[in-house]
Amino acid sequence: MTDLKIIVLVVLASCLLEIAIAIGEEEMLLINYHIHTTNDLPLLSPANDVPTLFVHCKSKDDDIGLKAMHVWDDYTWNLKVNVQRTTLFSCNARWTKGKQRHFDAFVASRDEERCQKYHNSCMWSVRSDGIYFSNNNSTWTNTYLW
């Protein structure tokens with residue numbers, strides 16, 4: 001009889017754990033992620049001209065649009081992860097020195113957890129040597145070289 005009680009308790013605990021996991025996954029679908037891309041390109045010498053950065057971001061279903069960004073401009077949009085967790089937003093960045101780069105601004109499988117650390121934000125900084133990522137607004141990693 002004791003073995004039966006243990007088996008029932010283990011099955012019950014397993015079921016409760018599955019329910020808790022399912023609720024946690026459902027709550028993650030409700031998170032509103034904030035994607036920020038900032039123009040941190042240096043001023044061009046000798047006249048300190050401001051280089052214009054053009055960024056165009058889109059997913060399979062949503063085109064966020066093309067934005068012309070001056071120095072320190074921030075291009076921001078919000079998104080929610082789809083049920084299949086296949087949400088992907090890609091961007092194309094180009095600037096006046098003829099440099100152009102495609103980068104993935106949000107990939108659910110990569111960013112869903114890491115971007116929750118700082119107000120559900122993924123932050124990108126476009127600089128002269130590449131496109132940097134941060135999920136805490138203090139540590140930046142050059143993720144995409146020009």
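These legends describe close-up views of one predicted model.

**View 1. Confidence along the chain.** Local features need pLDDT of at least 70, side-chain atom pairs count only at pLDDT 80 or more, and totals for chains, interfaces and linings use all residues. Residues are numbered from 1 along each chain as its sequence is written, and side-chain values use heavy atoms, without hydrogens and water. The chain averages a pLDDT of 84 (the predictor's confidence in each residue, from 0 to 100). A score of at least 70 is reached by 76% of the residues. Over residues 19-28, pLDDT stays under 50.

**View 2. The pair of Trp95 and Trp146.** The structure holds eight aromatic pairs (rings of Phe, Tyr and Trp, its six-membered ring, with centres within 6.5 Å; planes under 30 degrees apart are stacked, over 60 edge-to-face, the rest tilted). Trp95 and Trp146 form a tilted one, 6.1 Å centre to centre, with 50° between the planes. Trp95 lies in strand E5 and Trp146 in the segment after strand E9, so the pair ties together parts 51 residues apart in sequence (strands, E, are DSSP runs of at least two residues, numbered from the N terminus). Trp95 is buried at 6% relative accessibility; Trp146 is partly exposed at 25% (buried is under 20% relative accessible area, exposed over 50%, partly exposed in between; 1.4 Å probe, protein chains only).

**View 3. An aromatic cluster.** Phe103, Trp124, Phe133 and Tyr144 form one aromatic cluster. Both Phe103 and Tyr144 are buried.

**View 4. Arginines over rings.** Arg114 lies over the face of Phe133, 3.7 Å from the ring centre. Arg127 lies over the face of Tyr132, at 4.1 Å. The criterion is CZ of Arg, or NZ of Lys, within 6 Å of the ring centre and within 35 degrees of the ring normal.

Technical notes
Contact means heavy atoms within 4.5 Å. Helices (H or I, at least four residues) and strands (E, at least two) are DSSP runs, numbered from the N terminus.
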